[in-house]
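This report covers a helix pair, a strand residue and a loop residue. The structure is shown first.

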Amino acid sequence: MNIILRPGTSQDAETCGRICFEAFTSISEAHNFTPDFPAADVAIGMVRRMLSHPGFYSVVAEMDGQVVGSNFLDVRNTIAGVGPITIDRAAQNQAIGRRLMENVHAHARDKSVPGVRLVQSGFHMRSLSLYAKLGYEVREPLACMQGAPMNLSVPGYPVRAATESDLDACNRVCRQVHGHDRGGELLDAIKRGTATIVEHAERVAGYATVVGFFGHAVGESNKELQALIGAAKTFAGPGFLLPTRNTNLFRWCLQHGLRVTQPMTLMSLGLYNEPTGAFLPSVLY
Ligand SMILES: CC(C)(COP(=O)(O)OP(=O)(O)OC[C@H]1O[C@@H](n2cnc3c(N)ncnc32)[C@H](O)[C@@H]1OP(=O)(O)O)[C@@H](O)C(=O)NCCC(=O)NCCS
């Protein structure tokens with residue numbers, strides 16, 4: 001078995017996207033969870049966007065000349081996000097995942113990235129074990145939340161669409177909560193038209209890139225997150241990720257009719273600051 005790793009190119013989108021779709025679908029179905037991607041095209045589209053975005057590092061594994069897996073590193077922000085990492089079902093458990101992880105870690109070291117994070121499916125024993133062996137620490141148990149939009153507003157916490165002129169104020173809130181900002185990712189979301197901000201006492205007190213699987217949110221307190229969640233027209237993708245140690249917010253979501261669709265885990269390697277505010281991580285951390 002001859003395995004090589006090489007950078008991803010846009011030509012890999014179809015094959016890597018299909019492997020990504022099948023790998024996630026089979027592990028979800030094996031545990032009776034709804035798959036993360038509703039169709040192969042959704043995963044292929046996501047992989048295509050990541051392969052062509054300069055803010056993502058990508059690596060592809062080939063076994064005997066056939067593509068068998070890929071991994072990504074989101075380097076748009078100070079802290080990098082790992083994933084999605086997926087291996088062809090027939091090639092799993094043969095140390096290819098370990099090599100793809102070590103490859104993105106080497107890239108992070110070359111770029112002097114102080115810390116990397118990822119979110120793993122809480123029911124997947126293999127990925128949990130692999131990441132722990134590679135040095136990751138469990139930081140937050142998460143619940144993926146889904147349900148009907150709440151259509152509610154929180155008095156004193158108005159929500160509106162974010163514009164580029166809000167970027168500095170949003171980054172300030174993120175630094176206050178996490179110790180670093182996620183400005184690169186936020187700017188992408190503002191350009192895409194999905195980002196919202198919440199104001200309190202006439203200043204920006206929180207934001208969401210999107211309330212959903214691929215978006216993150218921060219707020220000075222739970223009130224800001226309640227306003228952002230309450231105003232969301234939909235919870236994009238499989239749902240948004242809620243740190244369940246934030247019991248008050250978790251209970252509030254349950255009282256407003258949302259349901260838990262799957263358990264997930266936020267893990268980190270390297271620099272990690274315990275958050276000092278309310279937050280929702282994205283599936284990329
Ligand atoms: C998760 C995934 C990327 C791992 O890649 P892989 O090539 O199958 O995994 P590897 O063989 O490199 O590593 C698996 C490790 O976990 C260990 N392992 C597997 N199951 C385990 C268990 N139940 N308990 C303890 N250790 C276990 C293996 O022994 C191996 O350890 P080692 O590196 O010390 O030998 C791959 O299986 C996959 O694509 N899964 C479906 C999609 C997915 O879940 N992606 C990750 C999203 S967070």
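## Helix pair

Helices α1 and α2 are oblique to each other, because angles under 35 degrees count as roughly parallel, over 145 as roughly antiparallel, 65 to 115 as roughly perpendicular and the rest as oblique. This is a predicted model in which local features need pLDDT of at least 70 and side-chain atom pairs pLDDT 80 or more, while totals for chains, interfaces and linings use all residues. Residues are numbered from 1 along each chain as its sequence is written, and side-chain values use heavy atoms, without hydrogens or water.

The angle between α1 (residues 13-30) and α2 (residues 40-52) is about 130 degrees, and their axes are 8 Å apart. On the α1 side, A13, E14, C16, G17, R18, C20 and F21 meet A40, A43, I44, M46, V47, R48 and L51 of α2 (contact means heavy atoms within 4.5 Å). By class, ten nonpolar, one polar and three charged residues form this contact (Ala, Val, Leu, Ile, Met, Phe, Trp, Tyr, Cys and Pro count as nonpolar, Asp, Glu, Lys and Arg as charged, and the others, Gly among them, as polar).

## T265 in strand β13

T265 lies in β13, residues 259-270. With a relative accessible area of 10%, T265 is buried (under 20%; exposed is over 50% and partly exposed in between, with a 1.4 Å probe and protein chains only). Residues up to four places away in sequence aside, T265 touches L118, V119, Q120, G122, V138, E140 and L142.

## G257 in a loop

G257 sits in the loop between α8 (247-255) and β13. G257 is partly exposed, at 49% relative accessible area. G257 and M145 are 112 residues apart in sequence, and their C-alpha atoms are 9.9 Å apart in space.

How values were computed. Axes fitted to C-alpha atoms, helices over the stretch in contact; angles between N-to-C directions. Helix = DSSP H or I, 4+ residues; strand = E, 2+ residues; numbered from the N terminus.
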